[in-house]
Amino acid sequence: MILYDKIIIGITLGGALLLLLLAGVAKKWISNKWRMAYLVPTVAAMFVLAKEGFEIFMLGAYMGILLMLIGFLKEDAKVRQNCCISALILGLITIPVCMWSPKYRSVDYVQDFQDGIASMQEHYLLTEHKGIDWESLYEEYLPLFQEANRKQDAVANVIAWYRFAAEFRDGHVYFSMDDEETMEMAWERVCGNDYGLSLMPLQSGQVVAVNVEPDSTLSQAGIQNGTVITAWDGRQITEVATESVAYQMHSYADQDNEAFWLPIFAAGVGGESVRITYLDDAGKECQLDLPKLGNYYERLKNTMEIVNQGVETGHMMWEEIDEQTVCLRIKMMAFDKKSSQSSDYSGMQEEIRAKVQEYKEAGKTNLILDLRDNCGGDGQMVMALASLFAPPGEHYYCTDGLWDDLAANYVKDEKTGRFVPGKEHYFQGENIWGDHIAILVNSNSISAADHLTKIMQGMSNVTILGFTEANGSAQGIGEVMLESGTFRFSNALLLDKNGDIFIDSDTNRESGNDIDVRVPFDEEAVHALFDRGEDYILQYTMEHAW
Amino acid sequence: MGNIIKSQFFQIVRDKVIRWMLVITISMQILIILLPDWLETEEPTTTSEFFAVDGGMGVFMFPLFFLIVVTAEICGVDFLDKTHNYELMGGHRRKEVFLGRVIPALVIGGGGAFLLMLLPYGIHVVLYGWGTKIAFGQVVLRWILMLLPLLRLVCEFSLLTFLLKNPYVIMGLGYMFFILTTYISEVIDSFNVFLGITNLSLLTMVSKWMTFGLDAKMNYIFEASLSAEIVWGTIIASVGFGVAALYLGYVFFKHDDMN
């Protein structure tokens, strides 16, 4: 039971007991004003109801509270006592009714889905760009929400939302809720079984074992990080991976990024045991049966963290990597409250200028801007950062869509059906570093991090590196509040110089946010990451970017 | 009863507390509600946008305090000099004595608070026009409906006044209520019809959709039409709770020992 309903029941039971005692006190001992006590439970309950709303299964307690009100109207002690006893009984009955009813405080997940999709259909900007067929999506996902609703299964509701959101191949379409436990349970439910390893594709196209459980059947058979796995339960690994619901819950705007991550999901697919086919040290194909060890979620999460190398560090932290190199970790495109409220990032720029001066004086020549796992934020901060490091002169950022206040929509060209460009944004470069800069990204570098990557692409003093491209989702986000959570999607339009959608991929699934150097995910990378725990991308950058 | 009502109006017109409350509330409606809009906004918003974005809950805070003070003063001040007793001894029925105070409280307290609530919008319209963000008719319906929770609050504070028989205690409680409502979004983050105050919040709440440009300029899409659920919920809750409060107040007053 939720706290506020417990309070109502407390008011009912506590109020009934106290008023029962009061009703027994002879009239001559107390003044008429004491009858006001019979109003108190109703008034208190009204405030609680205003906070949490009406619940049909709490009707017994509500009726009990109203019965106590009769004591205010009738001075007869017997009537008052009977009302209080009835309220007490009703309050007591309400407890098991609420506790044992699966529909108590139930959420209408179907209505939530219908509200969410209706709002999205009205405001989502990329319908044509991404070739969205609303009707077929609705038909496909409605049964999932109906099933979640029938069982009142909050976890199934989260899974349905994630799968629905992933269909858009847009990192800005997502569902979230405050209840992190339910979100975790959703991932645990869909990740499948852990067989002691994860799978990642090498640049060569082979799939290898990674994050292998030490001292297990795998290690006894000689399977270690980097061992090539050729089949999973006798089937192609990529084919198996697409059956994983965990894969279906992940949204990849860019198909290259999806291909990079796809095999990881296969490693959770299977029953009590799976038969893997692998190449032994001599290159001979062997088979091994692996028993289920538990749930795959933790290993999947851990593998992703290791590969993504989103270094656990504070936001806007400077780190000296070696005598020549310094790294600025930018975890989000936000600096402080003052800057975000005023859109004035001159304070941040001053701090960065001072730091750059300090490091230049200390003889540093290489600067790395680490945008891995950068979750995005304010475009103004992107512009402020870009202007510090871009070569001198004017640079183009992007173009707002032209907004029609009367029509309350972005303007489209009637003939071509394309969005009409509005205000173009430019910034002045300073290049305060002077020397070359490397920018590190991963598939979690999204939104404003995508922006910074895009606008610094092709600059003569910049190299962008990563195992994968940045996320490839760049439009502004709007949200619709639902009963079970919040659903967000792209709704603020940004265009490029040609009037095309800025960064976000279309039906071809190419985001247009390419990197200069794709760090090879090879055997060396696997051993560096999973055996030696090194930050491979950073090391590769130091060796190859300058 | 007509004479009691007339005497109440005679008294109200000369009541210093009510006069001062009126002056203070008008000043506050201009200073607190409109001044920030004048100072902070580079380009003044139209009134329809002001209603939807800025003019929500803040607009009825001071009128609410006015409503409480006026209701307490009308229904409670005669308890201090036992006027009720003299009226009863003079041959008036208890029902007449009761309604003779509640009706002026509804008219002056409820009606006055309603007009004071509209004052900032009126000034805004004169200065900046209505605009195109929301259809005028949709807001008018909301305003008309807002009168109902205000009248309900008069009934509820009348009940409280007849229970406690001291206008100044009610004003003190009203002040606490006023403080509570100032922080209402933190205390009761609710939009429903269970309390008069949450019902008013519900009627000022306009669902909006927001987009933005890179330079952070916001573009709003407002949806101000009310659902049948809200319209009928407001009517039923206001009438139901209002009548119940008056009935309870009258029952208490009827059985009350006036000595």
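**View 1. Surroundings of A:Gly196.** A:Gly196 counts as buried, with a relative accessibility of 0%, where buried means under 20% relative accessible area, exposed means over 50%, and partly exposed lies in between (1.4 Å probe, protein chains only). The model shown is predicted, so that local features need pLDDT of at least 70 and side-chain atom pairs count only at pLDDT 80 or more, whereas totals for chains, interfaces and linings use all residues, and side-chain values use heavy atoms, with hydrogens and water left out. Residues are numbered from 1 along each chain as its sequence is written, while chains are lettered from A and ligands numbered from 1 in the order in which they are written. A:Gly196 sits in the loop between strand S2 (193-194) and strand S3 (198-201) of chain A; helices (H or I, at least four residues) and strands (E, at least two) are DSSP runs numbered from the N terminus. Apart from neighbours within four places in sequence, A:Gly196 is in contact (heavy atoms within 4.5 Å) with A:Asn211, A:Val212, A:Glu213, A:Leu218, A:Leu293 and A:Arg299. The C-alpha atoms of A:Gly196 and A:Pro214 are 8.4 Å from one another, although 18 residues part them along the chain.

View 2. Most residues other than glycine have a negative phi.

**View 3. The largest nonpolar core and A:Phe164.** A nonpolar core is a set of buried Ala, Val, Leu, Ile, Met, Phe, Trp, Tyr and Cys residues joined through side-chain atoms within 4.5 Å. The largest one has 102 residues, and those with the most contacts inside it include A:Phe164, A:Trp232 and A:Phe487; its largest share, eight residues, comes from helix H7 (residues 154-166) of chain A. With residues up to four places away in sequence not counted, A:Phe164 touches A:Phe113, A:Ile117, A:Met120, A:Leu137, A:Tyr141 and A:Phe487. Another core, of 95 residues, lies apart from the largest one, and among its members are A:Ala50, B:Ile12, B:Met171 and B:Phe194.

**View 4. The contact between chain B and chain A.** The contact takes 33 residues from chain B and 41 residues from chain A. Together the two chains bury about 2,900 Å², 69% of it on carbon and sulfur atoms, buried area being the accessible area (1.4 Å probe) that two parts lose on being put together, summed over both. On the side of chain B, B:Phe194, B:Trp209 and B:Leu214 lose the most area to chain A, together 28% of what that side buries.

**View 5. The salt bridge of B:Lys133 and A:Asp405.** One salt bridge is counted between chain B and chain A, the term standing for a side-chain nitrogen of Lys or Arg within 4 Å of a carboxyl oxygen of Asp or Glu. B:Lys133 and A:Asp405 form this bridge, with their closest N and O atoms 2.9 Å apart. Of the elements of chain B, H11(B) gives the most to the side that touches chain A, namely five residues.
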